[in-house]
Amino acid sequence: MATNAKNTEKTSKGEHVDPEQKIETALDKTELFFQKYTKQLLTGLLVVVVLVGGFFAYEYLVKRPRAVKAAEMMFVAEQLFAAEDYAAALEGDGSNAGFLDVVADYGSTRPGRLAAHYAGVCYMKLGQFDAASEYLAKYKSVKGAPGAIINAQNLGLRGDISVERGDYQQAEMLYARAAKAADNVLSTPYYLRKLAFVYAELGRTQEAINVCERIKSEYASSLEARDIDKLIGEFGQRR
């Protein structure tokens, strides 16, 4: 009797069912399910394989090689930029590509977007602010400490163009973002000081003073903090 109790189970109606029979029934149902939906399951699996394979193929066979080519292409342009030959850095020196060529051919790559930033800086140096604004806007922010500095510079330069155009509200937004983009003792107080002047131009003197107080307390070792008390006094006289 004990053996029979172990090998059988009672159903809700009092019938005895062999556990092995229950397992076989479940397996039969699973087999029927796969037989019925084999086509759909295989199609779904194929889609996943194609998507994953396509991603890796694009990443390693297209995207990365293009980025390498873009970086190689802009090498001489970077040297010309460092030598302050901004026109040649933009257009090329006759034998090598300039930043504009890199943007045209590889603008969707990370080096290509950096080339757009460089091109914007070159145009600013040449006094062509509309072109500078166009190319600086092509740059996309990147992650990481080195990238954060470029992110801040890009936003700050666009703020400078807004000031040049007299658009202080746009400049306010850009300088505030530049100050946040790379929190360090070099760039943050630099853009905060520019933001303070924008607030002053907008007649928001107390906000200008508050920004200066922030430079004084949070970035006391910065260059901008050296004469910050004098600037606070100047803004205070405008109230």
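I call a crossing left-handed if the near helix is turned anticlockwise from the far one by less than a right angle, and right-handed if clockwise. I'm working on a predicted model, where local features need pLDDT of at least 70, side-chain atom pairs count only at pLDDT 80 or more, and totals for chains, interfaces and linings use all residues. Residues are numbered from 1 along each chain as its sequence is written, and side-chain values use heavy atoms, with hydrogens and water left out.

**Helix packing.** I looked up H5 (residues 99-106) and H6 (residues 110-125): their axes come within 8 Å and cross at roughly 145°. The crossing of H5 and H6 is left-handed. On the H5 side, I find Phe99, Leu100, Val102, Val103 and Tyr106 in the contact (heavy atoms within 4.5 Å).

**Rings.** I get seven aromatic pairs (ring centres within 6.5 Å; planes under 30 degrees apart are stacked, over 60 edge-to-face, the rest tilted). Phenylalanine 81 and tyrosine 118 pair edge-to-face, 4.9 Å centre to centre with 65° between the planes. That pair links distant parts of the chain, helix H3 (residues 75-82) and helix H6, with the two residues 37 apart. Both phenylalanine 81 and tyrosine 118 are buried (under 20% relative accessible area; exposed is over 50%, partly exposed in between, with a 1.4 Å probe and protein chains only). I also note that Phe81, Tyr86, Phe99 and Tyr118 form one aromatic cluster.

Tyrosine 191 is buried at 8% relative accessibility, whereas tyrosine 190, at 39%, is partly exposed.

How values were computed. Axes are lines fitted to C-alpha atoms, for helices over the stretch in contact, and angles run from 0 to 180 degrees between N-to-C directions. Helices (H or I, at least four residues) and strands (E, at least two) are DSSP runs, numbered from the N terminus. Rings of Phe, Tyr and Trp (its six-membered ring) pair if their centres lie within 6.5 Å; planes under 30 degrees apart count as stacked, over 60 as edge-to-face and the rest as tilted.
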